[in-house]
Amino acid sequence: MPPFTVLHVCMGNICRSPMAERLLLLAVRERLARLDVDPAGSDALVHSHSAGTGGWHAGEEMNPPAARQVISRGGDTDGFAARRLRSDLIDAADLVLTATADQQEYVVALRPDAAARTFVLGEFGRLLGALDRSALPPAEPTPDAVYARGVALVAAVDAARQNASALPTDDLDDPWGRGDQCFSRVADEIEETVQPLAAVLLP
């Protein structure tokens with residue numbers, strides 16, 4: 001059922017997954033603006049949220065260098081609070097994007113039935129780039145259309161990976177405790193997946 005729900009997962013939920021959560025939301029809003037649709041309606045189309053495999057930072061704000069990346073790119077960090085991953089969050093997600101292959105394995109161990117909709121973020125972006133999109137359902141900026149297109153997209157990307165494992169280069173480096181330059185590079189890598197994802201959902 002709409003909205004199309006994307007769950008981003010990393011370790012502590014204060015750096016990589018919050019950046020992915022908010023940069024996907026930003027990309028969706030930018031697509032809507034290009035389509036002359038009010039970006040304020042984005043939440044009815046795509047629900048982007050996140051969690052961490054560990055609960056050490058539960059309730060905390062986004063790590064400041066991560067927040068700076070989101071804000072400098074036009075996004076916002078309002079209302080963000082870190083939380084630990086729960087099984088019900090996985091169950092409710094149409095797509096789960098993890099920062100690393102280890103976290104992908106963690107998600108699938110919790111919920112084996114989520115394997116077909118759980119990807120390393122870089123893996124999903126890599127496979128998406130080579131996908132034939134002509135067979136996807138028609139695109140419209142409506143909740144039902146975005147949901148149908150998103151679910152079909154996830155199934156097509158899963159079929160394209162042909163049970164192959166993610167590549168080591170698909171992982172996002174952990175920028176925790178490192179400088180703004182590292183956070184900027186990781187944010188760039190996140191955008192390389194979430195911007196094309198938004199563009200496929202809302203062409």
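1. A salt bridge is taken here as a side-chain nitrogen of Lys or Arg within 4 Å of a carboxyl oxygen of Asp or Glu. By this rule the count comes to 14 salt bridges. The model is a predicted one, in which local features need pLDDT of at least 70 and side-chain atom pairs count only at pLDDT 80 or more, while totals for chains, interfaces and linings use all residues. Residues are numbered from 1 along each chain as its sequence is written, and side-chain values use heavy atoms, with hydrogens and water left out.

2. Asp173 and Arg185 are joined through their side chains by a salt bridge, at 3.1 Å from N to O. Asp173 lies in the loop between helix 6 and helix 7 (180-201) and Arg185 in helix 7, so the pair ties together parts that are twelve residues apart in sequence; helices (H or I, at least four residues) and strands (E, at least two) are DSSP runs, numbered from the N terminus. Asp173 is partly exposed at 36% relative accessibility, and Arg185 is partly exposed as well, at 32%, where buried means under 20% relative accessible area, exposed over 50%, and partly exposed in between (1.4 Å probe, protein chains only).

3. A salt bridge also connects the side chains of Arg22 and Asp76, with 3.1 Å from N to O. This pair links distant parts of the chain, since Arg22 belongs to helix 1 (residues 16-34) and Asp76 to the loop between helix 2 (64-72) and helix 3 (87-92), 54 residues apart. Arg22 is buried, with a relative accessible area of 9%, whereas Asp76 is partly exposed, at 26%. Through shared partners, salt bridges join Glu21, Arg22, Arg29 and Asp76 into one network.

4. Between Arg161 and Glu123 there is a further salt bridge, whose closest N and O atoms are 3.6 Å apart. Arg161 sits in helix 6 (residues 143-161) and Glu123 in helix 5 (residues 121-129), 38 residues apart, and the pair thus links distant parts of the chain. Both Arg161 and Glu123 are buried.

5. On the strands, strand 1 (residues 4-10) and strand 2 run parallel and are joined by seven bridges, the criterion for pairing being at least two DSSP bridges between two strands. Phe4 stands opposite Val46 in strand 2. The chain passes from strand 1 through helix 1 to strand 2 in a right-handed β-α-β crossover, meaning that, with the strands pointing away from the viewer, the path from the first strand over the helix to the second runs clockwise. Strand 2 (residues 46-52) is mostly covered, with six of its seven residues buried.
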